[in-house]
Amino acid sequence: MLDSKSLTILGEALARLDDGFRHLPEFEPQRTNNDRLLEVLAATAERLQDNFPYFHPLYAGQMLKPPHPIARLAYALAMFINPNNHALDGGRATSAMEKEAVAEIAAMFGWKEFLGHLCGGGTMANLEALWVSGRLQSRKKILASEQAHYTHKRISSVLQIDFDSVAW
């Protein structure tokens, strides 16, 4: 059921990525004990079976589905070099791609002036948004619907920003 055929595509992309570094001196990569690696991954796979089948079209209990295949594969590809986007010089290519993605998202809303950052998930996005809000309006209180996700209240507390929920 799970898409394992796309791993062939990942292998091809890894070969292309590796080819871009062929000008570097040869070295012997750290040896991996493949038997132990398989043992750990098999145990992880067993434990992951104790989840709901979020990926299956018949499962309607989760509003988000697993990432699109291109997102999974691109993430896996990037993890082989572990780029760093904390500053432009730390991850030149991935920082440029992030800027392009943010520009495309802004264009969807017709924005000409924008500033954005991609986050790994909703909780981190909420943290960054509330942190920015607290820095820009330090004396104001965060108000959110009482139906808002609980992380708004929790993160506001962590950031020491006043928070109240309101009935909608």
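In what follows, Lys and Arg count as positive and Asp and Glu as negative, while His and the chain ends are not counted. By that count the protein chain, which is shown here as a predicted model, carries 17 positive and 19 negative side chains. The centres of these two sets lie 7 Å apart.

Start with the overall layout. The secondary structure of the protein chain consists of six helices and two strands. Read from the N terminus, the order of the elements is α-α-α-α-α-β-α-β. The radius of gyration of the protein chain is 21 Å, well over the 15 Å that the globule rule gives for 168 residues, so the chain is more spread out than a compact globule. Along the principal axes, the C-alpha trace of the protein chain spans about 55 × 40 × 30 Å.

Next, consider how much of the chain is covered. A residue counts as buried when its relative accessible area is under 20% and as exposed when that area is over 50%. Of the 168 residues of the protein chain, 11% count as buried. The protein chain exposes about 14,800 Å², and carbon and sulfur atoms supply 58% of this area. Among contacts in the protein chain with a separation of 6 or more, 33% come from residues 24 or more positions apart.

Where do the buried nonpolar residues gather? In soluble globular proteins, nonpolar side chains tend to be buried together. Here the largest nonpolar core has six residues, namely Leu-130, Ile-142, Ala-144, Ile-155, Ile-161 and Phe-163. One of these core residues, Ile-155, is in contact with Thr-123, Asn-126, Leu-127 and Leu-130, leaving aside its neighbours within four places in sequence.

Asn-82 is found between helix H3 (69–79) and helix H4 (92–108). Phi of Asn-82 is near 50°, a positive value in a residue other than glycine. Is Asn-82 buried or exposed? Asn-82 counts as exposed because its relative accessibility is 54%, and the cut-off for exposed is over 50%.

Gly-120 sits in the loop between H4 and helix H5 (122–136). With 88% relative accessibility, Gly-120 also counts as exposed. In sequence Gly-120 and Asp-89 are 31 residues apart, and in space they are 20 Å apart, C-alpha to C-alpha.

The loop between helix H6 (151–158) and strand S2 (163–166) contains Gln-160, and Asp-162 lies in the loop between H6 and S2 as well. Phi of Gln-160 is near 60°, which is a positive value in a residue other than glycine. Gln-160 is exposed, with a relative accessible area of 74%. Asp-162 is exposed too, at a relative accessible area of 54%.

Which residues does Asp-162 touch, not counting residues up to four places away in sequence? They are Lys-141 and Ile-142, and Ile-142 is one of the residues of the largest nonpolar core. Asp-162 and Glu-100, by comparison, are 62 residues apart in sequence and 35 Å apart in space, C-alpha to C-alpha.

How values were computed:
Residues are numbered from 1 along each chain as its sequence is written. This is a predicted model: local features need pLDDT of at least 70, side-chain atom pairs count only at pLDDT 80 or more; totals for chains, interfaces and linings use all residues. Side-chain values use heavy atoms; hydrogens and water are left out. Helices (H or I, at least four residues) and strands (E, at least two) are DSSP runs, numbered from the N terminus. The radius of gyration is taken over C-alpha atoms; the globule rule is 2.2 Å times the number of residues to the power 0.38. Buried means under 20% relative accessible area, exposed over 50%, partly exposed in between (1.4 Å probe, protein chains only). Contact means heavy atoms within 4.5 Å. Accessible areas come from the Shrake-Rupley method with a 1.4 Å probe; for residues, only the protein chains shown count as cover. The place of a charge is taken as NZ of Lys, CZ of Arg, CG of Asp or CD of Glu. A nonpolar core is a set of buried Ala, Val, Leu, Ile, Met, Phe, Trp, Tyr and Cys residues joined through side-chain atoms within 4.5 Å.
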